[in-house]
Amino acid sequence: VEIREGRFRQVRRMASQVGLKLMHLHRSAIGPLELADLAEGQWRPLTAAEIDALYTAAGGREWARSETRLALIRRLEEGELDEADAAVVRRYLADSA
């Protein structure tokens, strides 16, 4: 059975609802990234094309930058950062303005 999307144990719950016991679940891709022959626990650096594909899938680089800026501003305003991290965030926000 091939399922194109599943979130937070959704596939396991779907199988359980129809009385099936799921013996093995294999993720072959994450978003636009094909996992190919990576073993469990193995990793590799992303290629430039894969990074671009992820940005595109997430709405583009500008959207990601704006969301990152908003999240950093919120964390800074709510005091969620220690002083060292807050200083780094302030520099980042000043440089990216």
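1. Helix handedness. The crossing of helices α3 and α4 is left-handed. This is a predicted model, and the points below should be read as describing that model. Helix α3 covers residues 61-77 and helix α4 covers residues 83-95; their axes come within 10 Å and cross at roughly 140°. That angle makes α3 oblique to α4, because only angles over 145 degrees count as roughly antiparallel.

2. Salt bridges overall. Side chains of opposite charge can pair when their charged atoms come close. Over the whole structure, a search finds seven salt bridges. Three of them are taken up in the next points, namely R74 with E80, E80 with R75, and R90 with E83.

3. E80 and its two arginines. E80 meets R74 through a salt bridge, with 2.9 Å from N to O. The side chain of E80 also forms a salt bridge with R75, here at 3.3 Å from N to O. How accessible is E80? The relative accessible area of E80 is 39%, so this residue is partly exposed. R74 is partly exposed as well, at 36%, and R75 has a relative accessible area of 32%, which also puts it in the partly exposed class.

4. R90 and E83. Between R90 and E83 there is a salt bridge in which the closest N and O atoms are 3.3 Å apart. Are the two partners buried or exposed? E83 has 56% relative accessibility and counts as exposed, because the cut-off for exposed is over 50%. R90, at 43%, counts as partly exposed. Elsewhere, salt bridges that share partners join R74, R75, E78 and E80 into one network.

5. L46 lies in the loop between β2 (33-34) and α2 (48-57). With 39% relative accessibility, L46 counts as partly exposed, so it passes the requirement of over 30% relative accessible area for patch residues.

6. Points to check against the structure. For the helix pair, look at α3 and α4 and their left-handed crossing. For the charged side chains, begin with the network of R74, R75, E78 and E80, then turn to R90 and E83.

How values were computed
Residues numbered from 1 in each chain as written. Predicted model: local features only at pLDDT ≥ 70, side-chain atom pairs only at ≥ 80, totals over all residues. Heavy atoms only, no water. Helix = DSSP H or I, 4+ residues; strand = E, 2+ residues; numbered from the N terminus. Buried < 20%, exposed > 50% of the residue type's maximum accessible area, 1.4 Å probe, protein only. Axes fitted to C-alpha atoms, helices over the stretch in contact; angles between N-to-C directions. Parallel < 35°, antiparallel > 145°, perpendicular 65-115°, else oblique. Left-handed = near helix turned anticlockwise from the far one by under 90°. Salt bridge = Lys/Arg side-chain N within 4 Å of Asp/Glu carboxyl O.
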